[in-house]
Amino acid sequence: QVQLVESGGGSVQAGGSLRLSCAASGNTFSIWSMGWYRQAPEKQRELVAHISRDATTDYAESVKGRFTISRDNNENTIYLQMNSLKPEDTGVYYCHTRPYEYWGQGTQVTVSS
């Protein structure tokens with residue numbers, strides 16, 4: 001089992017920045033990649049960004065150039081730096097692992113115009 005604890009959500013005006021963190025504990029040796037998905041009201045959950053142990057990254061087109069994902073392998077923690085936030089970035093952000101899927105409890109990000 002893997003436990004994921006997220007932090008760093010909140011409310012910000014458009015153009016602002018937030019930083020999310022996700023710390024993994026438990027059987028972390030089974031984790032190859034960690035990342036973030038988000039879900040807006042009445043929409044499907046979608047990939048935001050993922051990063052593997054070898055630092056390979058995968059970003060949604062909508063966040064490229066604005067969001068940066070990073071990873072501290074020693075601490076089994078990932079970070080998502082979100083800049084130039086837009087109202088359409090609003091949603092619940094969930095930490096996620098691969099290849100065995102575990103999910104965090106989610107953290108709310110609200111961007112007002």
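These are my notebook entries on what I looked up in this predicted model.

**Ground rules**

I number residues from 1 along each chain as its sequence is written, and my side-chain values use heavy atoms, with hydrogens and water left out.

**Entry 1: the disulfide**

I looked for disulfides, taken as pairs of cysteine sulfur atoms within 2.5 Å, and the structure holds one. A disulfide is a covalent bond between the sulfur atoms of two cysteines. Here the partners are Cys22 and Cys95, with an S to S distance of 2.0 Å. Cys22 belongs to strand E3 and Cys95 to strand E9, so this pair ties together parts that are 73 residues apart in sequence. For the element names I follow DSSP runs, numbered from the N terminus, with helices (H or I) of at least four residues and strands (E) of at least two. I also noted the torsion about the S-S bond of Cys22 and Cys95, which is about -90°, so the disulfide is left-handed. Both Cys22 and Cys95 are buried, where buried means under 20% relative accessible area, exposed means over 50%, and partly exposed covers what lies in between (1.4 Å probe, protein chains only).

**Entry 2: the nonpolar core**

In soluble globular proteins, nonpolar side chains tend to be buried together. I therefore looked for a nonpolar core, that is, a set of buried Ala, Val, Leu, Ile, Met, Phe, Trp, Tyr and Cys residues joined through side-chain atoms within 4.5 Å. The largest one has 26 residues, and the members that touch the most others are Trp36, Leu80, Met82 and Tyr93. Two or more residues each come from strands E1 (2–7), E3 (18–26), E4, E5, E7 (67–72), E8, E9 and E10 (107–112). E3 gives the largest share of this core, with four residues.

I then followed Leu80 by its contacts, counted as heavy atoms within 4.5 Å. Leaving out residues up to four places away in sequence, Leu80 touches, among others, Leu18, Leu20, Trp36, Val48, Phe67, Ile69 and Tyr93.

**Entry 3: salt bridges around Arg38**

Which residues pair with Arg38 in salt bridges? I counted a salt bridge when a side-chain nitrogen of Lys or Arg comes within 4 Å of a carboxyl oxygen of Asp or Glu, and the whole structure has four of them. One of these joins Arg38 to Glu46, at 2.8 Å from N to O, and another joins Arg38 to Asp89, at 2.9 Å from N to O. Asp89 sits in the loop between E8 and E9 and Arg38 in strand E4, so the latter pair ties together parts that are 51 residues apart in sequence. I found Arg38 buried at 6% relative accessible area and Asp89 buried at 1%, whereas Glu46 is partly exposed at 37%.

I also looked up Lys64 and Glu61, whose salt bridge has its closest N and O atoms 2.7 Å apart; Lys64 is partly exposed at 45% and Glu61 is exposed at 62%. Through shared partners, salt bridges join Arg38, Glu46, Arg66 and Asp89 into one network.

**Entry 4: Ser33**

Is Ser33 buried or exposed? Ser33, in strand E4 (residues 31–39), is buried, with a relative accessible area of 5%. Its side chain makes a polar contact of 2.6 Å with that of His50. For a polar contact I required N or O atoms within 3.5 Å, one able within protein to donate a hydrogen and the other to accept it, with residues adjacent in sequence counted only if both atoms are side-chain atoms. Beyond its neighbours within four places in sequence, Ser33 is in contact with His50, Ile51, Ser52, Arg71, His96, Thr97 and Arg98.

**Entry 5: backbone details**

I noted that the peptide bond from Arg98 to Pro99 is cis, with omega near -5°, and that Pro99 lies in strand E9 (residues 91–99).

Glu42 is not a glycine, yet its phi is positive, at about 65°. Glu42 belongs to the loop between E4 and strand E5 (46–52) and is exposed at 86% relative accessibility. Ser84, also a residue other than glycine, has a positive phi near 50°; Ser84 is placed in the loop between strand E8 (77–82) and E9 and is partly exposed at 40%.

Terms used: Predicted model: local features only at pLDDT ≥ 70, side-chain atom pairs only at ≥ 80, totals over all residues.
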